[in-house]
Amino acid sequence: MPRASSRWALPWGIFGSTIAAAIVVAIAHDLLVWQLPRVRPHGTGLIMLAGLGLGVFGLLRRPSWQLRAVLVAALVLAAVIVNPFWFRAIDRTTPGYSLRRQEDDLLSTRYRKHDHWIPRQKSVYFVMADLLAGKQIRYIEGSQLDKWRLAALAEPSEIVDLDPPDHPLPSAEQLWNRYPNRRFQLHSPDWAGEERLYRMVGITEGAERAEYFVVLEVDGVDFVIPDSVWRAIGGRPGPPGPG
Amino acid sequence: MKPLVHPYCYITVLHLLGSFSALCVLRGAHPAFCVSSGLLWGLAIHTFLALAALLISYVSGHLPLYDATLMVPLILLATAGAAAFYLSRAGRWRCAWRRVVAAQTAAVAILALATALALRWNLSVLSVDSFAFIELGLAFARISDAQHIGLAFVHSWPISAVLLHATSGVAGVEYLYFLMPVASFAFIATFAVAAVQAILLLGRGPRVAALATLLGMAWLFSCYFVVFQMFYVHTNWTAAIYVLLFFFTVWMALQTEDRSWFALAAAAAFAFVLVRVEAPLFLALFLCFLATQEGGGRPGIRGLLALAGPAMLWCLCVSAIVGDAGRIVDRTRLLVMVGGLATSIGLAWCMRHAWFRRCASWLQPMGLATLAALFVLVTIDRPEHMLEKSRVHLLNALVVGNWATAWILVAGLALAAPLLGRMPHQRFVWFGVVGYLIVTFDLTYFGYWRQDWGDSGNRMLTHVLPTIAWAMVVKGAAIAPRLPPAAEPRLGQEPPLPDDGCGRGRHGIGSASWGERAAESTSRSG
């Protein structure tokens, strides 16, 4: 193993490589994170910096295995020491998806109890579940209400696929105005903050006596319509009705 | 919900199934590894059996034939078979079966404790994707709903998670919130055993092995996103588990030149493929690097067929089911994956020829360079999109992806690589891992990477992190000098056996023949 030719070679090597590393990491760090709020722990850049310094040092010289082992272990230990500080920072900034204990201490039941654990998408199906439970669903392809989610959550008696009606249906607005007794509407932004076309209308007029519901999409709005209403708006195919 | 099988029994049976199967595959050798990773192999076998039942019912046009409760007798039968086979052969294999039984008892007790804790405190975290797995699983648990659903979802949702959650009713819970924490418990033990075993194989002392492993584990399992994913109902952590098992078992096969490890590697590879929709692409990448690995122990065409074949068949199945209408994967993308897997077999065929083997030293760097060149090409095509998404991907890894110091230390250690020791067959591991990371950047071309912890690209980084940690631990321990051959520790297994007559002699660790082969192997590989 090569030895130091001068007792100053090692300190100068470390100093030089540290300066070089500092410049590289500072530039990279600034480019990457300068715009972000400083909620994350400090010291992470230093770990990369130290790694780079050690790497340059290792290239310039070949120290004894004991020194190398100590340096590498120190680098890893630094990361281990910094890690717990991240737990607090992340729990503070992402409370909906963190490991922090909930205030009511009901960890085992938060699946049901806390709204923030239930994505909006699922809550829609939950609301609709009462309406559709045990009833037949006539499903017209094109609805954004997934068939398998309907099956899994609403638990209908049966799902029958229907072809789209061969005549134009009333527009979503007309339907909306015609049946003011609407159950719910959801206009949900998706998780990236972009508006998602996830509007749903469940018409409850006649829902209690309905034999079946029709699920379809009109003008980008999903409708869950009981049989009497479906017949009234002349939806075909389906059993003939008064409308 | 009344359980058909109590969660304790569910975990125990899966653990016994996996550990006895692994012991049978390795012919009684490496009991510490087989017992510690038992639950992980058990989960994989459970998925394979459930998938077989599902596909049979699907092909025969009677989807209702698949029933989650069917898994109970199937798993019990398989467990009894594996245990009986192991115990009947233990004498012939000269296994210390009493020690195995004692280790199994301890493992079952520890897993029962982990299950009790996981059942007592439901720390699970769910997102929209989690609900998809749970709801699909619940629907599969009800025969009538399975008819409505069909299998069309496989273009976006992995079948493995759905099949596992389908058994939640069997275990008497609404969803399997206890499974990931308990599997993670088994994984921590497996990681420790894999690291110690690899370090001892390299001839370093047990004290060095213990210190390096403890340090590596302290870092890996104190990273926020790693701990988080142990409780997150999703697929990434499971994928990470099987990727590590794949790399470790392949490395052991290369290092010990014992081909039976490839059987476990094939199981891990197929489990990985079933856990993630995009996994066949990455498996193809790993296998291409494996096929061109220099030195002895590399799998031949038959080995590659075993590793890639099931994944190719599954890709063709999914392609037939989803056609061109897939969201994440469609027919074209699946055929590209099949092509990648077939390429690895083709490379294995080429490696039989001396002229091709002479090029092997630069084939792997060329592969990596091709992936990097692909990134440059797609960046030229869509510069703004690629640069922005790549920046987001990098930001997720280093700052906003909740990783804590995970990738920062990986970067730091990569920069400090000249200080680390050498690991035999490291090219296959490092080229695979670095290639994986480059491909995640390449995929930004199609991807929707966004600045958030839940971003798919950010979660996909999980898949290779435990493998990197394991390799770093081994390289870190390799800084220490090798012990003299006489002082090299044994792994507490039986003495070496003579050749079994099939040209596949097994070499006990620490034996003379093993030492020679290891030395040869070490000198041959980089």
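This is a predicted model: local features need pLDDT of at least 70, side-chain atom pairs count only at pLDDT 80 or more; totals for chains, interfaces and linings use all residues.
## Buried residues and the model

A residue is called buried when its relative accessible area is under 20%, exposed when it is over 50%, and partly exposed in between, using a 1.4 Å probe and protein chains only. Val201(A), at 2% relative accessibility, therefore counts as buried. Val201(A) lies in strand E3 of chain A, residues 199-202.

Residues are numbered from 1 along each chain as its sequence is written, chains are lettered from A and ligands numbered from 1 in the order in which they are written, and side-chain values use heavy atoms, with hydrogens and water left out.

Helices (H or I, at least four residues) and strands (E, at least two) are DSSP runs, numbered from the N terminus.

## Strand E1 of chain A

Strand E1(A) covers residues 136-140, and five of its five residues are buried, so the strand is largely enclosed by the rest of the structure. Gln136(A), Arg138(A) and Ile140(A) point one way, whereas Ile137(A) and Tyr139(A) point the other way.

Two strands pair if DSSP finds at least two bridges between them. E1(A) is joined by five bridges to strand E2(A), residues 158-162, and the two run parallel. E1(A) also pairs with E4(A) in the parallel sense, over four bridges. Tyr139(A) has a bridge partner in each of these strands: Asp161(A) in E2(A) and Val215(A) in E4(A).

## The hairpin of E4 and E5

Strand E4(A), residues 212-218, runs antiparallel to E5(A), and six bridges join them. The two strands form a hairpin with two residues between them. In the turn, Asp219(A) has a positive phi of about 50°. Val218(A) of chain A stands opposite Val221(A) in E5(A).

Strand E5(A), residues 221-226, is mostly covered, with six of its six residues buried. Val221(A), Phe223(A) and Ile225(A) are on one side. Asp222(A), Val224(A) and Pro226(A) are on the other, and both faces are covered.

## Chain B as a whole

Chain B has 24 helices and zero strands. Of its 526 residues, 64% are buried. A contact means heavy atoms within 4.5 Å. Among the contacts in chain B with a separation of 6 or more, 80% are between residues 24 or more positions apart.

## Helices of chain B

Helix H16(B), residues 331-350, has 20 residues and reaches 28 Å from its first C-alpha to its last, close to the expected 28 Å. The expected span is 1.5 Å times one less than the number of residues. Its buried residues include Leu334(B), Met337(B), Leu341(B) and Ile345(B). The buried residues of H16(B) pack against helices H14 (279-291), H15 (301-322) and H17 (354-357) of chain B.

Helix H12(B), residues 236-256, and helix H21(B), residues 426-442, pack at an angle of about 155°, with their axes 10 Å apart. Axes are lines fitted to C-alpha atoms, for helices over the stretch in contact, and angles run from 0 to 180 degrees between N-to-C directions. H12(B) and H21(B) are therefore roughly antiparallel, since angles under 35 degrees count as roughly parallel, over 145 as roughly antiparallel, 65 to 115 as roughly perpendicular and the rest as oblique. The contact involves residues including Phe246(B) and Trp251(B) of H12(B) and Phe428(B) of H21(B).
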